Amino acid sequence: MRVSKVAIADVMFLADLSGALFWQEQRLLVVSDLHLEKGSSFASRGVLLPPYDTIATLSRLAAVIARHDPRMVIALGDSFHDRDAHERLSEPDREALTAMQVRRDWIWISGNHDPHLPSDLGGVVASEVAIGPIVFRHEPTGASGEIAGHLHPKARVPTRGRSIERRCFACDGERAVMPAFGAYTGGLSIRDAAFAKIFRAPGLMAHVLGDNKLHAIAASRCY
């Protein structure tokens, strides 16, 4: 099962196994922390990584867009790994982005890695977006109705005598922090103190991205 229902401030979303959220009523797809061109950023500093992160991330994004056919896409910041990453996009990658934007609204939320996004990427740039009771922003504040990114939540859970570590949605029913969507992005444990500052009440759940479905696990069971 590729999707699981997740309630945030009384709004029902579909959490997709890819790491995206889909708001069916609004036909709105949300992704976070693509970190495009992270590989080329590291290469410029002498850390050689396979230069395939951007094409892999955009291919996954195209697949989830094809699956849900959203009217609007919101990218929750750090879509590009550094201030100049957009300039290193190959022409095929630019064309792939353009194709995904056809006949739909596209909003780039600015992040700490890409605070000044250019105007030639298609779509519009915003610091945050509010739709009904939901506010979309990059860095989480802990406000009710907030959907944010930035922290790249992951969960380590015990299974069959060993443990696995996977990306996850962090959600307590009132707010959520989304997993990083980018191919080369790391993660921060959902048990880290940074999450305790955001999710002050009990009930924090890790919606863990499994191989074939999402697994809802109490954060207190993760380590």
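## Strand β11 and its partners

In this predicted model, strands β11 and β12 (residues 162-171) are paired in the antiparallel sense through 6 bridges. One of the residue pairs that can be named here is P158, whose bridge partner in β12 is S163. The two strands form a hairpin with 2 residues between them, and within that turn R160 adopts a positive phi of about 50 degrees.

Strand β11, which covers residues 153-159, is also joined to strand β14 (residues 188-189), in this case by 2 bridges and with the strands running parallel. For P153, the bridge partner in β14 is L188.

## Helix α2

Helix α2 spans residues 53-68, and its 16 residues reach 23 Å from the first C-alpha to the last, which is close to the 22 Å expected at 1.5 Å a residue. The buried residues of α2 are D53, T54, T57, L58, L61, V64, I65 and H68. Viewed down the helix axis, these buried residues fall within an arc of 125 degrees, so they line one face of α2.

Just after the helix, D69 takes a positive phi of about 50 degrees.

## Positive phi in two loops

R27 has a positive phi of about 50 degrees although it is not a glycine, and it lies in the loop between β3 (21-23) and β4 (28-31). With a relative accessible area of 38%, R27 is partly exposed.

H35, which is likewise not a glycine, also has a positive phi of about 50 degrees, and its place is in the loop between β4 and α1 (38-44). Its relative accessibility is 5%, and H35 therefore counts as buried, the cut-off for that class being under 20%.

## The surroundings of G111

G111 is situated in the loop between β6 (105-109) and β7 (124-126), and this glycine is buried, with a relative accessible area of 8%. When its neighbours within four places in sequence are left aside, G111 is in contact with G77, D78 and H138. The C-alpha atoms of G111 and E139 are separated by 7.6 Å, although these two residues are 28 residues apart along the chain.

Technical notes: Residues are numbered from 1 along each chain as its sequence is written. This is a predicted model: local features need pLDDT of at least 70, side-chain atom pairs count only at pLDDT 80 or more; totals for chains, interfaces and linings use all residues. Side-chain values use heavy atoms; hydrogens and water are left out. Helices (H or I, at least four residues) and strands (E, at least two) are DSSP runs, numbered from the N terminus. The expected span of a helix is 1.5 Å times one less than its number of residues. Buried means under 20% relative accessible area, exposed over 50%, partly exposed in between (1.4 Å probe, protein chains only). The arc is that of the directions from the helix axis to the C-beta atoms. Two strands pair if DSSP finds at least two bridges between them. Contact means heavy atoms within 4.5 Å.
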